[in-house]
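Student: Before we look at any particular feature, could you show me how to read a model of this kind?

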Amino acid sequence: MTCISQCAKYFLCLFNFVFFIAGGAALTVGIWLFADSSSFTNLIGKLDQSDFLNKTDADVIKMIAYILIIAGALTFIISFLGYCGAMFESRCLLCVYGILILLVLILECVVVGLAFGLKGDVEKGTQDFLKSTIAKYYASSGDKTDTVTVAWDGIMSKLHCCGVENYRDFSENKNWTATGKLIPEACCIKEYDVLKDPTCPISPTAANSYYQTGCYKAMMTAIEENAAIVIGVAATLVFVEVLVIILALYLACCYWRPQHVLTCWCCC
């Protein structure tokens, strides 16, 4: 085996081993959440001394479990094929692995293309989804720090915004309107982590809050400002996927074959 082939083999082994472990971990956590979410949330609560998962809506936990199971299973299976194919020099497994990665790359390109082609529909769908998380899951009391509430409070505090389009999005949450507050404290301007104006949640103004600034617009602005980083990450991802496809198919079809075979056959 030449030096190039050895490097390709061990690169594929290492690359897929890392994703194999990550996929297996995600799959395990997803199945655990789906089968017995209470024991998992209790364990997390003991480890980080918090109780936010126990206070998170069951539908949100179930959604997280589904995402982890699907993403973990796909990552686990594909990386398993790549690792075994490289380690045991199996043309069949490497061909299947290369084709699957190619399909993933094509799917990513299709998704990006549809996102640009259907930009208006995608934006509206995203905004509607974000609004639904506020309307259904945002907590109305300060002691209920569930996952959705913590996430939204972090976004609003970091990006200096309020709601998806503006503060009116919180009016769709009946539990929130019952408190008499118009906006959460995360929408208010703070000085040294203290509200600049204590009446801000009840009487928001442009001077004491960001109540008219929507978080969706703030997110898009932040992405545009960091476009170079986003493009760099996307380009790196595509480069790694293309490199993995080339290495897998090179080893399968151009190196690991009997010397008398002149064409590239993917045989086990």
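Tutor: Buried means under 20% relative accessible area, exposed over 50%, and partly exposed in between, computed with a 1.4 Å probe on protein chains only. This is a predicted model, in which local features need pLDDT of at least 70 and side-chain atom pairs count only at pLDDT 80 or more, while totals for chains, interfaces and linings use all residues. Residues are numbered from 1 along each chain as its sequence is written, and side-chain values use heavy atoms, with hydrogens and water left out.

Student: Is L102 partly exposed or buried, and where does L102 lie?

Tutor: L102 is partly exposed because its relative accessible area is 37%. L102 belongs to helix α3, residues 91-117, where helices (H or I, at least four residues) and strands (E, at least two) are DSSP runs numbered from the N terminus. The C-alpha atoms of L102 and E241 are separated by 7.8 Å, although the two residues are 139 apart along the chain.

Student: Which residues touch the most other members of the largest nonpolar core?

Tutor: A nonpolar core is a set of buried Ala, Val, Leu, Ile, Met, Phe, Trp, Tyr and Cys residues joined through side-chain atoms within 4.5 Å. The largest one has 24 residues, of which Y138, W152, M156, F170 and I183 touch the most other members. Two or more residues each come from α4 (119-137), α5 (147-159) and α7 (215-225). Another core, of 18 residues, lies apart from it and includes C95, Y97, I245 and L247.
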